[in-house]
Amino acid sequence: MYSYCVHVIMKCRYNVTMLTFEITTINKKMRSGVIKTSKSQIQTPELAIVATDAQLRSLPNEALEALPSSYFIVNTYHTYTKKIISPIEKAGGIHAYMQIPDRLIATDSGGFQVFSLGFGQKHNIGKIVREEIPASAGMTDGEDADNPLFITEDGVRFQFDGNDLELNPEISMDLQHKIGADIMMAFDECTSPLNSYDYTKNSMERTHRWLDRSIDAHRGHEENQALFGIVQGGEYQDLREESARVVGSKDVPGFGIGGSFGDFQEALGTTVGWVTNHLPPEKPRHLLGIGKIRDIFSAVEQGVDLFDCVIPTREARHRMLYTKKGRLYLRKLKHLEEPIDSGCKCQCCLEKITTKQLWQWFLVRDLRASTYTTLHNIQFYADLMREIRESIEMGRFNELRDEYYKYY
Ligand SMILES: [Zn+2]
């Protein structure tokens with residue numbers, strides 16, 4: 001094990017000064033480090049709390065400052081379709097709007113939601129994107145009467161609430177500039193496991209062209225916001241490696257890793273490993289939309305620094321609580337006169353709110369239920385990430401992983 005420091009931005013062409021990444025410990029491919037901006041400083045690996053439309057459902061923005069999380073991510077698609085961009089601009093940017101001036105905030109490109117959620121809403125198939133468009137559609141207009149998405153080389157058009165909307169690299173950059181987060185993601189197409197090799201390859205190549213257009217559209221903003229390029233390529237090794245090489249060669253200060261990673265638990269670590277083998281080691285890597293505990297350990301082992309996932313907040317609202325001894329699902333006949341976890345430092349556990357009380361609140365739809373469970377799950381994930389960082393620094397990552405794997 002050894003330590004070294006790298007200031008990524010010094011290597012960039014455009015005199016960017018807004019984000020630095022310092023790797024403090026490396027053990028095999030794992031690393032812990034520090035990301036700094038003029039306003040914020042976070043320790044990595046870290047997981048971003050998802051503030052879908054620039055807020056959490058169970059907590060008002062006035063409460064975010066007190067959370068133990070140092071990193072947040074906002075969905076560009078939701079702020080766009082729900083017309084929240086203008087209020088964010090009027091507030092003076094996303095940090096002021098969310099009332100967390102010194103936290104690191106990222107925005108995604110909008111690509112994931114428009115290609116998966118937008119589609120799923122229409123066809124009720126969740127995150128799966130049907131392969132409606134022929135592989136050649138990457139080069140030609142792919143109109144399809146059954147598909148609410150119209151994907152072309154320029155971008156994608158879709159319907160939301162009866163309105164025709166459009167996203168492409170230039171629009172995505174413009175929206176993300178208006179939101180004003182520290183980290184932005186290049187516009188990409190997120191493919192699904194159902195997509196064929198040919199479709200995934202064509203889509204990946206188009207995503208690379210969209211990255212060049214995103215970089216062009218971002219010129220002049222480099223000192224205020226860091227643009228990450230996104231690696232795609234599905235579950236195919238040659239595509240993942242090619243995408244990592246192409247995206248890794250671009251003059252951007254960090255990378256997102258998106259898309260699908262195969263069906264099996266082991267597949268995620270393997271696929272992420274193909275990517276990280278070919279990305280410049282000195283720049284931060286954000287694994288998009290991944291946050292299951294086993295996946296976090298697998299990806300950290302492969303050199304991932306950043307994550308984001310709705311699990312802590314969404315599952316809290318659905319009565320699923322995280323503890324060191326596994327998940328606790330609040331349901332009838334199971335409630336106890338004890339807090340969720342007596343060792344936890346969240347407000348819910350410190351106030352000794354019992355699981356019985358939480359269950360009763362859920363039963364009568366008292367909003368305190370999801371507020372307290374959200375606070376608890378966020379604290380759990382903050383503690384998990386801190387433990388992972390410490391375990392990398394102390395050379396006991398495998399022991400920590402094995403402790404968690406007993407219950408997860
Ligand atoms: Zn707690």
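Trainee: At what angle do helix α12 (residues 355-363) and α13 pack, and how far apart are their axes?

Mentor: Happy to start there, with the reminder that this is a predicted model. The two helices pack at an angle of about 135 degrees, and their axes are 8 Å apart.

Trainee: What makes α12 oblique to α13?

Mentor: Roughly antiparallel needs an angle over 145 degrees, and roughly perpendicular runs from 65 to 115. The angle here is about 135 degrees, so α12 is oblique to α13.

Trainee: Which residues of α12 and α13 meet?

Mentor: Leu358, Trp361 and Phe362 are on the α12 side, and they meet Arg368, Ala369, Ser370, Tyr372 and Thr373 of α13. By class, this contact has 5 nonpolar, 2 polar and 1 charged residues.

Trainee: Why are α13 and α14 called roughly antiparallel?

Mentor: Set the value against the cut-off again. α13 and helix α14 (residues 397-405) pack at about 150 degrees, with axes 8 Å apart. The label applies to angles over 145 degrees, and therefore α13 and α14 are roughly antiparallel to each other. On α13 the contact is made by Phe380, Leu384, Glu387, Ile388, Ser391 and Ile392, and on α14 by Phe397, Leu400 and Tyr404. These residues divide into 7 nonpolar, 1 polar and 1 charged.

Trainee: Now the metal. Which residues coordinate the zinc ion?

Mentor: Cys344, Cys346 and Cys349 each coordinate through SG, and His376 through ND1, at 2.1 to 2.3 Å. Along the chain, the donors follow the spacing C-x1-C-x2-C-x26-H. Cys344 sits in the loop between β16 (326-329) and α11 (347-350), while His376 is in helix α13 (residues 368-394), so the pair links distant parts of the chain, 32 residues apart.

Trainee: How do you know that the site of the zinc ion is tetrahedral?

Mentor: Four donors count as tetrahedral if all angles lie between 85 and 135 degrees. The angles among the 4 donor atoms here are 103 to 118 degrees, and the site is tetrahedral. For reference, the ideal angle for four tetrahedral donors is 109.5 degrees.

Trainee: Are Cys344 and His376 buried or exposed?

Mentor: Both Cys344 and His376 are buried.

Trainee: What makes Ser58 count as buried?

Mentor: The cut-off is under 20% relative accessible area. Ser58 has 10%, so Ser58 is buried. Ser58 lies in the loop between β4 and β5. Not counting residues up to four places away in sequence, Ser58 touches Arg317, Ser370, Thr371 and Thr374. The C-alpha atoms of Ser58 and Arg368 are separated by 8.5 Å, although the two are 310 residues apart along the chain.

Trainee: What is the value of phi for Lys28 and for Ala54?

Mentor: Phi of Lys28 is near 55 degrees, and phi of Ala54 is near 70 degrees. Both values are positive in a residue other than glycine. Most residues other than glycine have a negative phi. Lys28 lies in the loop between β1 (20-27) and β2 (30-36), and Ala54 is in the loop between β4 and β5 (71-74).

Trainee: Why does Lys28 count as exposed, and why does Ala54 count as buried?

Mentor: Lys28 has 74% relative accessibility, so Lys28 counts as exposed. Ala54 is at 0%, so Ala54 counts as buried.

Trainee: Which residues does the cis peptide bond join?

Mentor: The cis bond joins Thr44 and Pro45, with omega about 0 degrees. Pro45 is found in the loop between β3 (41-44) and β4 (46-51).

Trainee: How do you know that helix α9 (residues 293-301) is mostly covered?

Mentor: In α9, 7 of the 9 residues are buried, including Ile296, Phe297 and Val300.

Notes
Residues numbered from 1 in each chain as written. Predicted model: local features only at pLDDT ≥ 70, side-chain atom pairs only at ≥ 80, totals over all residues. Heavy atoms only, no water. Donors = N, O, S within 2.8 Å, 3.2 Å for Na, K, Ca; no water. Tetrahedral: all angles 85-135°; square planar, octahedral: opposite > 155°, others 65-115°. Helix = DSSP H or I, 4+ residues; strand = E, 2+ residues; numbered from the N terminus. Buried < 20%, exposed > 50% of the residue type's maximum accessible area, 1.4 Å probe, protein only. Axes fitted to C-alpha atoms, helices over the stretch in contact; angles between N-to-C directions. Parallel < 35°, antiparallel > 145°, perpendicular 65-115°, else oblique. Contact = heavy atoms within 4.5 Å. Nonpolar A, V, L, I, M, F, W, Y, C, P; charged D, E, K, R; others polar.
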